Amino acid sequence: MRGTQIAALTADHPAGLTDALNLVADVDAALTRGLARVGDEDAAALAGLAGAVATTPLANLVAEAVDKIIAGLGTQEYVAALAGARSAVLGAVHDALLGQVDVALGRSRAPWVPIPAAVPGAVSPALAGARAWLSEVAVAGWRGVDHELVAGAGSVVEATLAVPELRRLAVLLDGLAAELRACVPVAMMSQVPQRRWADLWSRGVLLAQDTAAGDAALSVTERVSGRLLPLAVDVHEHDTAVQFQVHALLEPADGGSTRLVRTAVGAAKVDSIVGPALWRLLPAQPVLLAALAQRRGVLVADVPIRGADVHWHDDRAQLDEPVDPFAAARVLLPDALAAAPHPLDRHPAGIAEPVLIEGYAVTDQEGGLTVELDGHRIAVAVDRLPSCGPLTPELVAASSACLGLLRWDAGRWLLQPVAVQATVKRKIVAVHTGDWACGVTDAKVAKADAKAGDAVTVLRERAGRLLRR
Amino acid sequence: MANVDDVGWARRSMARVVAPAQPRKLVKVPFVELADGRLQGVVSSGSDTGRVYVSSITANTHAYHCSTNNNRPCGGLRGAPCKHLETLADEAVLQYGFDRVARYLRVEPDVAVNTGAALLHSLDARHEPSSAAVVFSRFLRHLSYLEVPGSTTALPELHWFPSTRTAR
């Protein structure tokens with residue numbers, strides 16, 4: 001990434017962005033106060049949302065829903081239309097921002113290829129439960145969330161977690177409910193994280209529709225073979241879930257152009273499993289872990305892919321030659337073909353575009369790190385350095401080259417470092433998020449880790465003794 | 001142009017709401033949580049690996065209890081919180097931080113009080129028997145997460161939950 005490319009991102013916002021975000025903020029405020037009694041201000045916000053989608057296929061559905069909600073009829077189908085309209089606006093914001101990235105970086109992106117939606121299967125009681133709870137939350141508003149409403153999420157999470165096809169919804173609801181539980185009574189909070197909770201709520205409502213499960217990204221029509229060159233691993237976690245998403249370059253065996261892809265593996269966990277212990281939750285993915293820890297390429301054979309998402313099959317993967325992710329990114333990333341995400345996943349929070357940036361200076365100002373190249377600056381998302389890897393803010397501050405993910409939140413672009421080349425004791429070292437995938441390589445940290453004991457083993461022992469009695 | 005570059009916490013999709021739990025040894029206290037209006041958890045017996053104690057302290061009223069998972073009262077309760085409750089409180093402080101535990105129990109402790117056990121003894125607490133079943137079933141539910149199979153397809157919603165090494 002060059003200085004001029006940073007400038008192309010940060011100089012200006014895409015047209016209409018500010019209006020769209022202000023509209024969303026007003027809707028978020030309405031959801032904070034709740035749909036039980038919609039005041040004039042919130043009625044205007046909802047009408048504004050209906051206006052924003054008035055030229056889309058959602059127009060009639062949303063207009064009717066907004067009328068009914070304002071009249072005090074917050075039933076599930078109207079609430080769903082509201083969530084759909086909010087998601088559509090943020091989907092447009094996502095498209096504009098990703099378009100800005102593609103223009104700035106000169107990145108080509110294959111469009112999403114729709115496949116016929118599967119016929120919805122039998123009515124799912126788990127989905128019905130989720131829809132009911134999410135509607136109840138919207139009617140109460142965040143300010144109205146109390147112990148009882150939060151406790152109601154428990155059975156919904158349990159029911160959705162039991163159905164593998166509903167894992168996305170289960171993981172989302174569990175994460176949202178944990179935050180609400182920590183914040184009740186929400187009425188006492190000085191400020192509510194209303195953008196965040198409305199994001200999670202809207203996505204939850206969409207995933208809880210009967211048609212959503214049918215067209216999960218699980219439906220796949222394409223398969224590929226070739227060489228995967230891992231660039232970086234991005235780690236996500238909340239109390240009961242962890243996900244490792246590997247961004248990689250795929251050189252197809254049939255000689256097609258290099259593709260920018262990603263693959264994700266995840267596990268359920270509990271809140272007391274944190275830090276390097278997270279890697280031990282993936283015993284079924286030894287090839288992927290070794291590829292990360294040893295910085296090796298991987299040969300994959302006949303694996304399903306949809307858009308940019310490769311479905312990971314450890315048994316169809318084989319370790320290949322060592323690969324320096326910095327070198328791979330330098331040579332292959334500029335011309336790699338990216339892919340548009342699933343329409344449902346179009347949200348600014350999902351943007352994570354791999355970039356390589358070199359020869360910059362890092363400054364520490366206003367409590368945050370900023371990368372500066374040729375006089376152009378981008379803030380570093382220091383709070384996204386994961387707990388399970390060796391990358392620290394100090395290493396980022398001492399770095400001169402960085403593999404990062406471009407992120408966008410609250411009106412600005414951020415650089416999330418996933419690997420750096422930094423000068424430590426007058427030597428250049430490369431440090432990657434995934435370095436500890438097969439165990440901690442830093443003696444000091446390993447010692448502390450060993451002293452804390454193996455959380456996963458202890459809990460498995462307890463589960464073995466107590467669960468099946 | 002409205003100032004979208006300088007918007008507050010409320011407009012952040014990635015606003016940090018809850019601090020991640022801090023690592024601690026789980027051998028003595030495999031489970032501790034702040035839920036249902038209580039600081040509650042499970043303490044492994046020192047003598048019998050098959051036995052656990054269920055201990056809890058209620059916020060506000062500061063009623064406490066400790067019993068085995070079969071509801072046999074803990075012998076250590078003699079007019080004051082037992083060692084299981086002390087250990088539970090200490091581990092809760094390790095996991096959540098002192099301030100969050102104190103806030104949850106609705107106490108404003110003296111500055112000299114800085115451990116979980118000390119916090120417990122600074123309370124005007126009283127013993128009040130309660131059923132171990134609720135807490136124990138929450139513990140079993142907690143353990144059951146380790147039996148949920150892993151996933152090998154993307155969970156895009158987890159982008160809202162980035163892992164972080166900084167205390168939130």
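Let's start with the domains of chain A. The domain assignment gives domain 1 as 10–111 + 120–214 and domain 2 as 222–339. Those bounds come from an automatic or database domain assignment. This is a predicted model: local features need pLDDT of at least 70, side-chain atom pairs count only at pLDDT 80 or more, and totals for chains, interfaces and linings use all residues. Residues are numbered from 1 along each chain as its sequence is written, chains are lettered from A and ligands numbered from 1 in the order in which they are written, and side-chain values use heavy atoms, with hydrogens and water left out.

How far apart are the C-alpha centres of the two domains of chain A? They lie 30 Å apart. Nine residues of domain 1 of chain A are in contact with 11 residues of domain 2 of chain A. Contact means heavy atoms within 4.5 Å. About 770 Å² is buried between these domains, and carbon and sulfur atoms give 55% of it. Buried area is the accessible area (1.4 Å probe) that two parts lose on being put together, summed over both. On the domain 1 side, A:Arg107, A:Ser108 and A:Ala110 lose the most area to domain 2, together 47% of what that side buries.

Now the polar side of that boundary. Between domain 1 and domain 2 of chain A there are zero salt bridges. A salt bridge here is a side-chain nitrogen of Lys or Arg within 4 Å of a carboxyl oxygen of Asp or Glu. Five residue pairs are in polar contact between the two domains, both residues at pLDDT 80 or more. A polar contact is a pair of N or O atoms within 3.5 Å; within protein, one must be able to donate a hydrogen and the other to accept it, and residues adjacent in sequence count only if both atoms are side-chain atoms.

Which elements of domain 1 touch domain 2? Strand 1 (108–110) and helix 9 (167–183) of chain A each supply at least two residues. Helix 9 of chain A gives the largest share, four residues. Helices (H or I, at least four residues) and strands (E, at least two) are DSSP runs, numbered from the N terminus. By class, this side of domain 1 has three nonpolar, three polar and three charged residues. Nonpolar means Ala, Val, Leu, Ile, Met, Phe, Trp, Tyr, Cys and Pro; charged means Asp, Glu, Lys and Arg; the others, Gly among them, are polar.

Next, two backbone spots in chain A. Most residues other than glycine have a negative phi, and most peptide bonds are trans. A cis peptide bond joins A:Val184 and A:Pro185, with omega about -10°. A:Pro185 sits in the loop between helix 9 and helix 10 of chain A. A:Arg295 is not a glycine, yet has a positive phi of about 50°. Its place is the loop between helix 12 (286–294) and strand 5 (296–306) of chain A.

On to chain B. Chain B has four helices and five strands. From the N terminus on, they run β-β-β-β-α-α-α-β-α. The C-alpha trace of chain B spans about 65 × 45 × 25 Å along its principal axes.

How does chain B meet chain A? 64 residues of chain B are in contact with 93 residues of chain A. The area buried between the chains is about 7,000 Å², with 60% from carbon and sulfur atoms. Four salt bridges cross this interface. A:Asp383 and B:Arg16 meet in a salt bridge through their side chains, at 3.6 Å, N to O.

Which element of chain B gives the largest share of the side that touches chain A? Helix 4 of chain B does, with seven residues. By class, that side of chain B has 34 nonpolar, 17 polar and 13 charged residues.
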